[in-house]
Amino acid sequence: MLLAGALGVMLTSSVLRAADDSRPVLVAARELAPGTLVGDRDVRIAHVHADGAVLATLFGAADLRSVRGQVVTKTIRTGALVGRADVRELGAHAAMRAMSFPLPRARAVGGKLTGGDRVDVIAVERNSARSGYVLSDAEVIAVENRSGGPLAGASDELTVSLVVDADGAPRLAAALDTGTVTLVRATGAAPMREVPLFTPSTGAPK
């Protein structure tokens, strides 16, 4: 009986230690879109059980102050863990505007783009030969697969988010509205100079 009681105490202590062996980490308090500046109400603390290798990829409760003001680089769903690769420090590019748009995988380098890549955006006006560069050396901040639904399977479209400036944003919007847009990966390529810009013709078909 004494032995059984001692074993029971040891087992209970072991279970309690395991239950307390959780770590406070940061999770999204709401859905965070790419380009969002993390604020006080965007993240909260949750406790998880994970090994050291996994915890190293996450933000702990002690990182709360440093995460505020950083920029979200991919969609983080409500309640999802905030990984160190999901945000970045605010810099010159991060301070610019971000723009997201759907694009067929075949026109986005087969979907083989990731945050941090650089791309040139080319547009061809529908039913005409007008073409040109919409943006050059634009920074990709996120690429997401678009769900086709539980029955349809994965969609052939992606949602691409790019950093844009005040001139490039309306040019990209016009290209998406009047033309066919294609991305060219330019990561590591030499900067281009004096590229022909895409300018839709007056009354271009939509």
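At 10% relative accessibility, does E139 count as buried or exposed? E139 counts as buried at this value, where buried means under 20% relative accessible area, exposed over 50% and partly exposed in between, with a 1.4 Å probe and protein chains only.

The model is predicted: local features need pLDDT of at least 70, side-chain atom pairs count only at pLDDT 80 or more, and totals for chains, interfaces and linings use all residues. Residues are numbered from 1 along each chain as its sequence is written, and side-chain values use heavy atoms, with hydrogens and water left out.

**Figure 1. Overall organisation of the protein.**
Four helices and nine strands are present, where helices (H or I, at least four residues) and strands (E, at least two) are DSSP runs numbered from the N terminus. Along the sequence they follow the pattern α-β-β-α-α-β-β-β-β-β-β-α-β. Of the 206 residues in the protein, 32% are buried. Contacts are defined by heavy atoms within 4.5 Å; of those with a separation of 6 or more, 68% come from residues 24 or more positions apart. The accessible surface comes to about 12,200 Å², and carbon and sulfur atoms hold 56% of it; accessible areas come from the Shrake-Rupley method with a 1.4 Å probe, and for residues only the protein chains shown count as cover.

**Figure 2. The largest nonpolar core.**
A nonpolar core is a set of buried Ala, Val, Leu, Ile, Met, Phe, Trp, Tyr and Cys residues joined through side-chain atoms within 4.5 Å. The largest one has 22 residues, of which V121, V134, L135, L162, L172 and L183 touch the most other members. At least two residues of this core come from each of strand 5 (97-104), strand 6 (118-125), strand 7 (131-147), strand 8 (154-164), helix 4 (168-178) and strand 9 (179-185). A second, separate core has eleven residues, among them L26, L32, V38 and V82. Neighbours within four places in sequence aside, L135 contacts D120, V121, L162, V164, G168, R171 and L172.

**Figure 3. Strand 6 and its partner, strand 9.**
Strand 6 is largely enclosed by the rest of the structure, because six of its eight residues are buried. Strand 6 pairs with strand 9 in the antiparallel sense over seven bridges; two strands pair if DSSP finds at least two bridges between them. Within this pairing, D120 stands opposite V184 in strand 9.

**Figure 4. The salt-bridge network around E139.**
A salt bridge is a side-chain nitrogen of Lys or Arg within 4 Å of a carboxyl oxygen of Asp or Glu, and the structure holds eight of them. One network of salt bridges links R88, R118, D137 and E139. In the salt bridge between R88 and E139, the closest N and O atoms are 2.4 Å apart. R88 lies in strand 4 (residues 87-88) and E139 in strand 7, so this pair ties together parts that are 51 residues apart in sequence. R88 counts as partly exposed at 23% relative accessibility. In the salt bridge between R118 and E139, the closest N and O atoms are 3.7 Å apart. Since R118 lies in strand 6 and E139 in strand 7, the pair ties together parts that are 21 residues apart in sequence. Both R118 and E139 are buried.

**Figure 5. The salt bridge between R185 and D117.**
The side chains of R185 and D117 meet at 4.0 Å, N to O. The pair links distant parts of the chain, 68 residues apart: R185 belongs to strand 9, and D117 to the loop between strand 5 and strand 6. R185 is partly exposed, with a relative accessible area of 40%, whereas D117 counts as buried at 11% relative accessibility.

**Figure 6. The surroundings of T75.**
T75 is found in the loop between strand 3 (71-72) and strand 4. At 16% relative accessibility, T75 counts as buried. The side chains of T75 and E144 are joined by a polar contact of 2.6 Å. A polar contact is a pair of N or O atoms within 3.5 Å; within protein, one must be able to donate a hydrogen and the other to accept it, and residues adjacent in sequence count only if both atoms are side-chain atoms. Apart from neighbours within four places in sequence, T75 is in contact with E31, L32, P34 and E144.

**Figure 7. The position of V54.**
V54 lies in helix 2 (residues 52-55) and counts as partly exposed at 38% relative accessibility. V54 and G83 are separated by 29 residues in sequence and by 9.6 Å in space, C-alpha to C-alpha.
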